[in-house]
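Keep the structure open as you read.

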Amino acid sequence: MNKQILNYLTTPIKAAPLAVFRVIFGLLMLYTTLRFVGQGWVEKYYIVPQFHFKYYGFEFVESLGVYTYLLYLISFLAAIGVTIGYKYRLSILLFFLSFTYCELIDKTYYLNHYYFVSIISFLLIFLPANAYFSIDALQNKKIAFHKIPRYNIFVIQFMLSIVYFYAGLAKINSEWLFNAMPLKIWLPSRYDLPVLGQLFQLEWVHYVMSWSGMLYDLLIPFLLFNKRTRTFAFVLVVVFHVMTRVLFPIGIFPYVMICATLIFFDASFHEKIITFIRKSFNLKNTQNQAVLEWKPSFMKKTLAVFFIVFFSFQLVFPFRYLLYSDELFWTEEGYRYSWRVMLMEKGGYVQFKVVNPTTDKWFYVENQNFLTEYQQKQMRIQADLILEFAHYLEDYYQEKGISNPEIYVDSFIALNGRTSKRYIDPNVDLTKVKDTWQHKNWILPFNEKIYGF
């Protein structure tokens, strides 16, 4: 069996799918970089806020202020290099580092598709995506190959499959399937859409879309891998992501997923795309029939170990929520990085109380004096953000002359249309609590059961 798997992964196949993926990925990253700057989001998210929520373990990542624009310039130039395959290794490395650094500045803005972009750009560092249809291949025949080992394309396909399949597993829960939540809350608000707006008022439509979404995510990887169902699967991909783009403000994620799934198509399809690009821009068509073969070596074995470790992590890490005792949707312990996409609707209220232990005097904090509106919105429903802000307030008021201030929180959360419930234990001084991977026992229990993965 191991020999069969090895033969499958190392068999040389045409490099066109990886080359087209590189071009499309580069173009999409060019667009998203320009869009982020053009919309004024660099200033709004990274320069204006006086405080940034940090990812656990990445507290050292600081905002560069106005110099954040330099990071986006690097991302932009690197994306051009990736697109045209010029100094590709350097370009994709710079893009990964600059893009990921910006995302690590503030946890408030975590989105699954930003995480996905970082993962894909990281994987591309180790793949010969410049071996075909690139400036590098034109300038250096030693790295120009018509065929490459299959694993170079398979790792991208496998990563996409994990994203889809795990998103489907996450939808197998009682809220999504048996209560149609949160679609039952979201869909009626789109009454303004022609034709669909009226359908979205019907409860049975909410259930149909909930079940369809679950089945789509679970089955689409298998349909894409199967040549007989691939075209049908791609039509489903387009319909699904166009629909989600119309209904929800989720940025470029639908376009990324639509374009990325093209890598499942045969090389002949991608060669037609390359031929079209060459004719459109009058590019020279060089005939190179060299084959990059997989030959056992220390570097190749090291790379194989890297991929095994990487994908083992991707397969296991999303299940870390099983280590925590309370309801995932309530505590969100183990929620990030697990491809749980738009599974819940939460609204919250949080008020911080600062107590001077020397005088026993206390006062409430005006959150808007420290945080942007979006930061406040996200903090109200995420315990780790509440804790981090409490420690920020501790440092702030110590500088203002209050020795060892105590910080207490009055907070409530409404989950998927339920009546709001108290979220954080109001008797716990959060300055005495440190953020760890352990269960946050200062979050009050949910006392309800949501069944599922």
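Before we look inside, here's how residues get sorted: Ala, Val, Leu, Ile, Met, Phe, Trp, Tyr, Cys and Pro count as nonpolar, Asp, Glu, Lys and Arg as charged, and the others, Gly among them, as polar. You're looking at a predicted model, where local features need pLDDT of at least 70 and side-chain atom pairs count only at pLDDT 80 or more, while totals for chains, interfaces and linings use all residues. Residues are numbered from 1 along each chain as its sequence is written, and side-chain values use heavy atoms, with hydrogens and water left out.

Now for the holes. On a 1 Å grid over the protein atoms alone, a cavity is a set of points where a 1.4 Å probe fits but cannot get out; a pocket is an open set with protein on both sides within 12 Å along at least five of seven lines, and lining residues have an atom within 4 Å of a point. Grid points are joined across faces, edges and corners, and a volume is the space filled by probe spheres set on the points.

Searching the whole structure turns up four cavities of 30 Å³ or more. The largest cavity takes up about 70 Å³, and its lining is made of Tyr166, Leu169, Ala170, Pro318, Phe319, Tyr321, Ser338, Arg340 and Phe453. Sort that lining and you get seven nonpolar residues, one polar and one charged.

What about the second largest cavity? Its space comes to about 60 Å³, and its lining splits into nine nonpolar, no polar and no charged residues. (Helices here are DSSP runs of H or I, at least four residues, and strands are runs of E, at least two, numbered from the N terminus.)

The second largest pocket holds about 950 Å³ of space. It has 37 lining residues, and Tyr55, Phe58, Tyr115, Phe317 and Tyr337 lie nearest its centre. Helix 6 provides the largest share of this lining, five residues.

Next, the helix packing. Axes are lines fitted to C-alpha atoms, for helices over the stretch in contact, and angles run from 0 to 180 degrees between N-to-C directions. Angles under 35 degrees count as roughly parallel, over 145 as roughly antiparallel, 65 to 115 as roughly perpendicular and the rest as oblique.

Start with helix 8 (residues 151-170) and helix 16, whose axes come within 11 Å and cross at roughly 10 degrees. They are therefore roughly parallel to each other. By class, their contact (heavy atoms within 4.5 Å) has 11 nonpolar residues, one polar and one charged.

Helix 8 also packs with helix 12, at an angle of about 160 degrees and with axes 6 Å apart. That makes helix 8 roughly antiparallel to helix 12. Their crossing is left-handed: the near helix is turned anticlockwise from the far one by less than a right angle, whereas clockwise would be right-handed.

Finally, helix 12 (residues 203-225) meets helix 13 (residues 230-247) at about 140 degrees, their axes 10 Å apart. The two are therefore oblique to each other. In their contact, 12 residues are nonpolar, two polar and two charged.
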